[in-house]
Every structure is written in C-alpha cells, then in structure tokens.
Amino acid sequence: MHLEVEKIGCAHYQRHCLLQTPCCEKSYSCRRCHDDDPSTSCDVDLNRRSVQRITCCTCGLKQLVGEDCLRCGQRFGLYFCGICRLYDDNTRKEQYHCVDCGSCRLGGRHKFKHCGRCGACYSKKNFSSHACVEAALDRNCPVCLDNLKASTAELYAPRCGHILHKQCHSDLLKRTMKCPICSRSYLSFSSSIEKRIQEYPLPPSYAQYRVKVKCQACNRESETKFHPLGHKCEHCSSYNTTQLGEPISGDDGESGPQHQQQQ
C-alpha cells in the first residue's frame, strides 16, 4: 500500500506520519488538526502523549510510535521527541525537549535556561532580570484565556512576570499600557517624564510640596516630590505611581495646590 500525498504533514508540522488518535480512532497529522477539525464528533482535545500508534505516509504501515518506519525506513521527522510524540522536518525552529518544563520548546536549548519557580524557560540574556512568578505557565492567558502551557503561539514575558501571548500583548497595547493582572505598566516612560519635569519646573512657592504615592511597579508606598506631570517612586524610580491624598508642604505641613473654580 502506498499513500498518495501532495504535501507532507500539515500547516502546522512537516512530518511523514499520521497520528492514530485513541479518543476517536481516526488519523490526523497532528493534535491541532484533530482539535480544529469541524467534521469530527470528538469533543476531546487530543493529548498527543496518549498516542500509541502512527501510520507511515510513505508505505502506509501502521505501527507503534517510533523514529523510523519499520517497513520502508522512512524517517518521520528530522526532529523527534518520543515523550511528546512530536515530529517535524522544520528544524529551523530549533526544537528541544525541556525535562523541567515537561514539554518541547522552540528557540534552541543553548539559548534558554529553565526557572524552577516560574516553571518556564527564559532566554539566557534576560534570565537574571526576569520577574519570578510562581507557576507562571500553569495558568491561562489574561487576554484570550487560552492555556499558556498547552499553547503553540509565541509567548511574551513582561517586566511584571505575568506571561501572555505575544499577539495578545500587541493587541492589548492598543487599549492600555498596563498588565491586566497587576496593573503595572508594560512600558517605561521614566526617562521622558523626567525630561519633561526638568523642562517645566514648578514655581518656588510649590517646589517644597511632597505627596504620598503607591508604586504599581514595586507595590510599595513612598513620599516624593509633587509635580503635575508625574511622581517618582522613591524605591524603584518608576513613574507608574498612584497619588494617595493631597500634596503637603514640606515646610509647614499645609495642603498643597488645589484646582481653582472658574468665576
């Protein structure tokens, strides 16, 4: 038997075999093809680790999961992971299996390092500066609500550590600059705000006023110099702060500038 196929694999993976799904006992190129198939009555997402048998696309032999066909010797994928049942000829993705994550990742093992607390891999150049969040991937994307660990879409790790899909992050920036979980700013405007404050100094009568703020970046409170353009956190120097109460004069404790009503 010879299977006539115009294209090896599917839109998701380049491979030379079909997965025999234990849930509905059908043949699919990958789990995403199974899950997205509108014609199937199967309402269960395929766990590819549950796949025990595959079919060779070259000679049609049904066999146990393996790297090469037992009959014709066809290699099912230049990249093969027997744990994740993952086959792919496109090695430009630089796939690797992370034992600690318990799944295959993209980007090259030599470029990434696993964080045990987050349960995720980060690029080595950003590893020392990433914000640790307990089980960062064992949750849903705060924008689209899809599970992050099972997702094949590219992920983005902001400074606050609350991971989301990269595309969801781009879409979110069209509406807000803040993390939907902790409200910390995604972007740093500190240098531009600092420059504008220097360009527009307060009158001498207001120069001594201070105000209490809560920082959304480090979640700490501090008392800092008052300025209508922004208030710097005394702990981390972020301008992503919320004003707590009215400004107070540093000299006599009187309340600071108020908005006057028009006559």
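Okay, let's start with serine 237, which sits in the loop between strand E14 (221-225) and strand E15 (241-249). Strands here are DSSP runs of E, at least two residues, and helices are runs of H or I, at least four residues, all numbered from the N terminus. The phi of serine 237 is near 70°, which is a positive value in a residue other than glycine. Buried or exposed, or partly exposed? Serine 237 counts as partly exposed, at 39% relative accessibility; buried means under 20% relative accessible area, exposed over 50%, and partly exposed in between, with a 1.4 Å probe and protein chains only.

Before I go on, a word on what we're looking at. This is a predicted model, where local features need pLDDT of at least 70, side-chain atom pairs count only at pLDDT 80 or more, and totals for chains, interfaces and linings use all residues. Residues are numbered from 1 along each chain as its sequence is written, and side-chain values use heavy atoms, leaving out hydrogens and water.

Another residue to look at is glutamate 25, in the loop between strand E1 (17-20) and strand E2 (27-28). Its phi is near 55°, again positive in a residue other than glycine. Glutamate 25 is exposed, with a relative accessible area of 71%.

Now the whole chain. You'll find four helices and 15 strands. The C-alpha trace spans about 95 × 40 × 30 Å along its principal axes. The radius of gyration is 27 Å, while a compact globule of 263 residues would be near 18 Å; that's taken over C-alpha atoms, and the globule rule is 2.2 Å times the number of residues to the power 0.38. Of the 263 residues, 38% count as buried.

Last stop, the largest pocket. How much space lies in it? About 1,400 Å³. Of the 46 residues lining this pocket, the closest to its centre are Arg105, Leu106, Ala153, Glu154 and Leu155. For the terms: on a 1 Å grid over the protein atoms alone, a pocket is an open set of points where a 1.4 Å probe fits, with protein on both sides within 12 Å along at least five of seven lines, and lining residues have an atom within 4 Å of a point. Points are joined across faces, edges and corners, and the volume is the space filled by probe spheres set on them.

Which element gives the most to the lining? That's E10, with four residues. Among the others supplying at least two residues are helix H1 (31-35) and strand E6 (86-88).
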